[in-house]
Amino acid sequence: MNKLLIFLKRIAVPTLFILVEVLALGSYMRSTSFTRARLLTVANGVTGGVNERFSAVGDYFGLRKENRMLSARIVELEAQLAEWVEDPERVHIATDEFAPYLYGEARVIRNSVFSQHNFFTINKGLRDDVEANMAVLTPEGYVAGYVIDCSERFAVCMSVANRDFTMGGKGAHNEHMGSLSWDGRNFHRVHLENIPHYANFSPGDTIVSTVSYRFPPDRIIGIVEEFEPSEDKMNSHLAVRLAADLSKLDRVLLVKFMDGEEYDTLHSKYTTKY
Amino acid sequence: MQRVLEYIVFFVVVVLLQALLFDNLLLSGLIVPLYYISFVVLLPVKMSRLGLLMVGTLLGVVMDVSMGTAGLNTVATAAVAYLRPLAMNISMGKDTAHESIPFGGAITPTSFMLYATLLVVAHSALFFGLESLGSHPLFTIGKIILSSVVTVILTIFTARLFRKLVS
């Protein structure tokens with residue numbers, strides 16, 4: 001009996017250690033980007049306010065650059081608007097149509113780019129009508145990620161540089177589509193796979209978004225860096241340099257596709273969900 | 001002398017530094033300091049294995065929630081806490097007999113550096129190795145080495161400061 005007690009005492013800590021490791025490893029292996037975002041949402045309840053204040057301090061240093069970018073953007077949008085105003089016919093058509101995309105703005109208060117699963121947190125949440133699957137773009141309109149989980153005041157977004165991130169991308173000039181993903185290494189570089197072998201791309205071509213229930217179409221994703229034509233006459237592969245600098249996200253645009261849910265329900269009836 | 005209050009304050013400071021400073025630094029893809037492990041490095045010399053395991057697990061869970069890693073930090077930190085007596089035997093041997101914290105006094109700077117390096121490298125290797133799951137092995141090894149170097153330097157600074165503050 002005594003010997004048994006001594007034996008039990010000796011193996012108690014190693015057993016506890018193995019138990020902790022198995023539980024933690026199991027939890028990590030089972031976790032998805034959604035559970036990770038959930039944890040970050042919980043953490044934001046504690047550190048969100050402090051992070052928000054920290055990022056507000058950093059804002060002052062970028063004001064000059066931000067102003068320059070905003071005026072350039074205004075010029076661009078004014079030029080587009082002028083085209084519409086000159087052609088009353090088009091304005092008429094546009095107002096008849098239901099605007100499918102709703103825009104909002106937010107500020108990134110916490111960011112990561114060096115993990116395999118990067119997320120960033122924005123300072124708007126449920127009370128600002130932010131919801132999951134809204135697209136997140138930089139002020140220039142470049143693709144940066146999408147909202148994955150919200151709390152009352154904050155929302156956690158999946159960055160393009162996340163190994164679970166996927167979206168559709170296509171050549172702006174030839175409309176050939178592929179699926180976009182990140183390999184976990186360089187956050188400036190993503191890959192576009194499954195492009196038909198006969199599609200032609202060359203370095204410098206622009207890659208834009210396809211319509212999906214998260215992203216509005218024709219938003220710039222990046223520039224082709226390398227084109228690897230398929231050897232087996234199946235699919236080609238593109239390395240794309242992201243237009244958005246994910247390490248310097250500050251102000252972002254949020255885009256909600258008003259018919260996104262309807263689109264998704266119909267779409268996923270016939271395809272496996274990605 | 002277990003200095004419970006000092007260690008509680010130290011725990012909070014380490015967690016906040018990691019969550020608010022080091023997780024937001026975004027220095028380089030190869031330098032991601034997991035600074036918080038210096039807490040386990042500096043736990044009292046005479047702490048029991050059970051105590052080490054429990055504190056290590058708690059620290060891991062807190063960092064998992066903060067970083068959104070769902071178990072990765074716990075795997076690495078609990079393992080390092082559990083293996084700490086072994087690292088201490090290898091690097092310091094009997095130098096620790098009359099010391100309460102594993103830095104200064106009879107412990108030479110060289111043996112502390114070896115001790116801290118063993119723990120920090122084990123921690124980074126588990127963390128980054130599991131995170132990448134074998135993809136880009138060279139990149140991951142570089143990340144483990146460079147991040148460990150920075151973390152060891154930070155740990156030595158922390159150890160000096162901590163010893164000054166508690167004694």
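Predicted model: local features only at pLDDT ≥ 70, side-chain atom pairs only at ≥ 80, totals over all residues.
K170(A) stands opposite M177(A), a residue of β7(A). The two strands here, β6 (residues 167–171) and β7 (residues 177–181) of chain A, run antiparallel and are joined by four bridges; strands count as paired if DSSP finds at least two bridges between them. Residues are numbered from 1 along each chain as its sequence is written, and chains are lettered from A and ligands numbered from 1 in the order in which they are written.

Stepping back from that pair, β6 and β7 belong to a barrel in chain A that six strands close in the order β6-β7-β8-β11-β10-β9, with antiparallel pairing. From one strand to the next, the twist averages 40°; angles run from 0 to 180 degrees between N-to-C directions, and axes are lines fitted to C-alpha atoms, for helices over the stretch in contact.

Strand β11 (residues 235–242) of chain A is where L238(A) sits. L238(A) is buried because 25 other C-beta atoms lie within 10 Å; the cut-off for buried is 20 or more, against 12 or fewer for exposed and partly exposed in between, with C-beta atoms placed from the backbone. Beyond its neighbours within four places in sequence, L238(A) has contacts that include G178(A), H191(A), L192(A) and F227(A), a contact being two C-beta atoms, placed from the backbone, within 7 Å. L180(A) is 58 residues away along the chain, yet its C-alpha atom is separated from that of L238(A) by 9.3 Å.

Chain A has another barrel to look at, again of six strands with antiparallel pairing, closed in the order β1-β2-β5-β4-β3-β12. On average, neighbouring strands of this sheet are turned by 45° against each other, direction ignored. Three bridges pair β3 (residues 135–137) with β12 (residues 251–257) in the antiparallel sense, and A135(A) stands opposite V255(A) in β12(A). Helix α2 (residues 33–59) of chain A packs on this sheet, touching β1, β2, β4 and β5, and its direction makes about 45° with that of β2(A).

Now for the partner. Chain B comes to six helices and zero strands. Its radius of gyration, taken over C-alpha atoms, is 15 Å, which agrees with the value near 15 Å for a compact globule of 167 residues; the rule is 2.2 Å times the number of residues to the power 0.38. The C-alpha trace of chain B spans about 45 × 30 × 30 Å along its principal axes, and 44% of the residues of chain B count as buried.

Where the chains meet, 30 residues of chain B are in contact with 32 residues of chain A. α3(B) gives the most to the side of chain B that touches chain A, with eight residues. Helix α1 (residues 2–30) of chain A packs against α3(B) at an angle of about 10°, with the axes 10 Å apart. That makes α1(A) roughly parallel to α3(B), the label for angles under 35 degrees; over 145 is roughly antiparallel, 65 to 115 roughly perpendicular and the rest oblique. Among the residues that meet here are L16(A) and F17(A) from α1(A), and L50(B) and L53(B) from α3(B).
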